Amino acid sequence: MTLLVDRALAVLKAAAEETRFRILVLLQEGELSVSDLTDILGQSQPRISRHLKLLCDAGLVERHREGSWAFFSLAEGASVLRPVLGSLDPADRVLASDRDRLARVRMQRADTAQKYFSRLAPEWDRLRSLHASEAAVDAAIFKMLGDKSFRSVLDLGTGTGHILKLLGRDAERAVGLDASHAMLSVARANLEKAGLSGVELRQGDIYALPFERDEFDLIVLHQVLHYFDDPARAVREASRLLRPGGRLLIIDFAPHNLEFLRDKHEHRRLGFHQDQMGAWMTEAGLGVTDTHHLLPPKGEGEKLIVTLWLGEDQRIITDWPLNANVG
């Protein structure tokens, strides 16, 4: 990365203050809120906010909103400082104390997430009993994706962050988006517990995704399409973000008649027909390359079939030089 002198001086000036430098060190461990940094550094919220603004203005830190909250992470501009940050003595008294307080913040997050799911546990257990186990679905996901690598993955409707835990380690960039701040808080705690602090979490609308075209190699919609009034539009919006040759993986239910899911759990659609999903992917410029059905466990009453659909962007990937001689 080449820097102009003025730019280099601005970067160094922004980082050359104790609190701001400690913030940069902490953000190496993953994104944090103003409240987190206030608790860790023992300083007032206005003071922390002023330091963060200076770091953002210098291009060292980036900010994204999550409802009324704001989270901060290292920006691409911070790469110039990584050799310095990486050479610090981990036993330094101040930095070690910061890490201890960071660990306590993360433990509080994990405790909040655990309490949240303890309240929901009875209903979650009932719903899980209606379809194939999580382990069976995970195995089917890995089998369907095969050996084709992906550098970037986007999990739309990330919920608890399960898909990011499953696939995030294999990607250079892993991003989860959800409309719910509460669910993102749960995902953040789960991912930190799993050691995936580099994952990006964003709050947003699946119909107005805050990303550029051609940004991801793999996009996943895991058990979320049935919540949308217009799932075809969600498929189109997701497909728009795929790079040439990129893939869209959808995991959802086959058609069923369990009306209580609509009445009590906000399901808008009671499953999807294979032809219907295929048509939506075709309209979005994708070719359906694989489909797989997971049968439900045996038992009384109607159960749910989990279906996986894999679509691939049909644009041709080529490294052929523009000035190549032909003929």
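1. Basis of the note. This is a predicted model, in which local features need pLDDT of at least 70 and side-chain atom pairs count only at pLDDT 80 or more, while totals for chains, interfaces and linings use all residues. Residues are numbered from 1 along each chain as its sequence is written, and side-chain values use heavy atoms, with hydrogens and water left out.

2. Overall composition. The protein chain holds 12 helices and 10 strands; these are DSSP runs numbered from the N terminus, helices being H or I with at least four residues and strands E with at least two. Of its 327 residues, 46% are buried, meaning under 20% relative accessible area, whereas exposed means over 50% and partly exposed in between (1.4 Å probe, protein chains only).

3. Contact range. Taking contacts (heavy atoms within 4.5 Å) between residues at least 6 apart in sequence, 70% join residues at least 24 apart.

4. Helix 2 with helix 4. The axes of helix 2 (residues 18–27) and helix 4 (residues 45–57) come within 10 Å and cross at roughly 75°. Such axes are lines fitted to C-alpha atoms, for helices over the stretch in contact, with angles from 0 to 180 degrees between N-to-C directions. From helix 2, T19, R20, I23 and L24 meet R47, I48, H51, L52, L54 and L55 of helix 4. By class, this contact comprises six nonpolar, two polar and two charged residues; Ala, Val, Leu, Ile, Met, Phe, Trp, Tyr, Cys and Pro count as nonpolar, Asp, Glu, Lys and Arg as charged, and the others, Gly among them, as polar.

5. Helix 3. Six of the eight residues of helix 3 (residues 34–41) are buried, so this helix is largely enclosed by the rest of the structure. The buried residues are V34, D36, L37, T38, I40 and L41. G42, with a positive phi near 65°, follows helix 3.

6. S239. This residue belongs to helix 10 (residues 231–240) and counts as buried because its relative accessibility is 5%. Leaving aside neighbours within four places in sequence, S239 is in contact with L248, A284 and L286. The C-alpha atoms of S239 and E283, 44 residues apart along the chain, are separated by 10.0 Å. The side chain of S239 also reaches the backbone oxygen of V235 at 2.8 Å.

7. E237. Helix 10 also contains E237, which counts as buried at 17% relative accessibility. Apart from neighbours within four places in sequence, E237 is in contact with I206, Y207 and L209.

8. Most residues other than glycine have a negative phi. D214, not a glycine, has a positive phi of about 55°; D214 lies in the loop between strand 6 (200–203) and strand 7 (216–222) and is partly exposed, with a relative accessible area of 33%. Q223, also not a glycine, has a positive phi of about 55°. Q223 is found in the loop between strand 7 and helix 10 and counts as buried at 16% relative accessibility.

Terms used: A polar contact is a pair of N or O atoms within 3.5 Å; within protein, one must be able to donate a hydrogen and the other to accept it, and residues adjacent in sequence count only if both atoms are side-chain atoms.
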